[in-house]
Amino acid sequence: MHSIKYQKNMRIFSTILLALAMTGAAVASEPFNGLLLDLDGKPVKGAKVYVHNPKQYAKTDKKGQFGLTDVKPTETIHVVVKKQVYDIAVNGSKGMRITIGEVTAKGIEDQELVNAGMGYVKKREYLGPRSGVTGEQLVATGQSDLIQAMRGLIPGVQVVETDDGLNVNVRNSSSFNGGTAPLWVVDGTESTTPPSLTVQEVEKVDVIKDGAGYGTRGANGVIIVTLKGR
């Protein structure tokens, strides 16, 4: 009898462990870093890179770098350069160096890009419509604190007072864990804690309600702060 009960409990325990493992896998958001070069090995900047939706894309920076998230091993990356579209099979790669010619492109996995993680580029996929304000608009409020200045200024954003100070919510946000804190991205650095900044330090603030490109971290929206002089 005790043996049957023990086996039953072990099955339940194993099921719980499996569920937790699956949840952890779902929460994790895997970076996919890329580098786009021409046949001479020079970086190609300003190219559009996407997987599914051409409206949700990354752009290569001046070094030819780009960043995507959660790219599956069997998917295809599409690169658009001056209306020319290149299709590159991922083939299980977790980070890729892509070389383009006039009509063809070749991609190979690059372990250095894989190891670079989320910090490889400041911007990843463009995540669709966003709202925001400029630093000048923030200064015009007469407030010196960034969070105070955001109050009532950005559509879809609420600034609320709590025992811990001021918190920011992106309206209609929800999360599987019941939290409401948005993801803050300050010059590429991610945090769920509101930053301590003055309006004079800020060039612009963008708010994305659908932060799917950031995985579950962006489930409650994403607030992107660009600092001056960057």
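Analyst: Happy to! A strand here is a DSSP run of E with at least two residues, and strands are numbered from the N terminus. Please keep in mind that this is a predicted model.

User: Which strand does glutamine 65 lie in, and what is the order of the open sheet?

Analyst: Glutamine 65 lies in strand E4. E4, which spans 65-69, is an edge strand and pairs on one side only, as does E8 (105-109). Pairing in this open sheet of four strands is mixed, and the order is E4-E1-E7-E8.

User: How many bridges join strand E1 to E4, and how many link E1 and E7?

Analyst: E1 covers residues 31-38 and runs antiparallel to E4, with five bridges joining the two. Within that pairing, proline 31 faces threonine 69, while leucine 35 faces glutamine 65. With E7 (residues 95-100), E1 pairs in the parallel sense, and the number of bridges there is six.

User: Is glutamine 65 buried or exposed?

Analyst: Its contacts, leaving out residues up to four places away in sequence, are Gly34, Leu35, Lys59, Thr60, Tyr120 and Val121. Buried means a relative accessible area under 20%. Glutamine 65 has 16%, so this residue is buried.

User: How many of the eight residues of E1 are buried?

Analyst: Strand E1 is largely enclosed by the rest of the structure. That description holds because the number of its eight residues that are buried is seven.

Terms used
Residues numbered from 1 in each chain as written. Predicted model: local features only at pLDDT ≥ 70, side-chain atom pairs only at ≥ 80, totals over all residues. Heavy atoms only, no water. Pairing = 2+ DSSP bridges. Buried < 20%, exposed > 50% of the residue type's maximum accessible area, 1.4 Å probe, protein only. Contact = heavy atoms within 4.5 Å.
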